[in-house]
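Reader: Please take me through the charged pairs and the nonpolar surface of this structure.

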Amino acid sequence: MSCIFCQIVAGKIPSEILYQDEEVLAFSDIHPIASTHLLIIPKRHIPSLTHLSEEDLPLMGHMVNIANQLARREGIAESGYRLVINCGKQGGQLVPHLHMHLIGGRRLTDELG
Ligand code: 5GP
Ligand code: ZN
């Protein structure tokens with residue numbers, strides 16, 4: 001099992017877990033770019049956004065809902081936050097296991113990249 005995030009799901013690499021259920025895991029990013037920087041991932045290995053199929057759409061909705069709940073829990077729901085999914089090389093995806101970044105706690109730049 002070479003995927004870092006699959007190893008985090010399996011508990012083989014330690015992480016600061018903030019939420020989990022049967023399908024989804026959320027944990028702190030190891031290199032946070034803001035006071036809140038979490039990653040929300042499916043437990044099942046999906047390489048990237050482009051690999052999603054129609055039956056994964058409820059899972060994506062579930063992940064967005066969890067992100068919103070975590071934003072409330074982190075106290076950034078009112079001040080605002082950003083959900084980011086990088087896809088592929090030019091999209092800036094470094095870890096080839098689908099993940100959503102939840103970033104907040106400071107004024108983010110107006111540019112997306
Ligand atoms: P990407 O560029 O693929 O969208 O983002 C990957 C993110 O995963 C980066 O923000 C990086 O800091 C984070 N990351 C990489 N390896 C680990 C790790 O082993 N543990 C945790 N918690 N985060 C990681
Ligand atoms: Zn994986």
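The questions and answers below concern a predicted model.

Reader: How many salt bridges does a search of the whole structure find?
Author: The cut-off is a Lys or Arg side-chain nitrogen within 4 Å of a carboxyl oxygen of Asp or Glu. Searching the whole structure with it, the number of salt bridges found is two.

Reader: How many residues apart in sequence are the parts that the pair of Asp56 and Arg44 ties together?
Author: The closest N and O atoms of Asp56 and Arg44 are 2.5 Å apart, and the two form a salt bridge. Both residues lie in the loop between strand 3 (36-42) and helix 2 (57-74), so the parts tied together are separated in sequence by twelve residues.

Reader: Is Asp56 buried or exposed?
Author: Buried means under 20% relative accessible area. Its partner in the salt bridge, Arg44, is partly exposed at 48% relative accessibility. Asp56 has a relative accessible area of 5%, so Asp56 counts as buried.

Reader: What is the area of the nonpolar surface patch made by Val64, Tyr81 and Leu83?
Author: Patch residues need over 30% relative accessible area. Tyr81, in strand 4 (residues 81-84), is partly exposed at 31% relative accessibility. With Val64 and Leu83, Tyr81 makes a nonpolar patch of about 200 Å².

How values were computed: Residues are numbered from 1 along each chain as its sequence is written. Chains are lettered from A and ligands numbered from 1 in the order in which they are written. This is a predicted model: local features need pLDDT of at least 70, side-chain atom pairs count only at pLDDT 80 or more; totals for chains, interfaces and linings use all residues. Side-chain values use heavy atoms; hydrogens and water are left out. Patches are made of residues with over 30% relative accessible area and no salt bridge: like charges are joined within 9 Å, nonpolar side chains (Val, Leu, Ile, Met, Phe, Trp, Tyr) within 5 Å. Accessible areas come from the Shrake-Rupley method with a 1.4 Å probe; for residues, only the protein chains shown count as cover. Helices (H or I, at least four residues) and strands (E, at least two) are DSSP runs, numbered from the N terminus. Buried means under 20% relative accessible area, exposed over 50%, partly exposed in between (1.4 Å probe, protein chains only).
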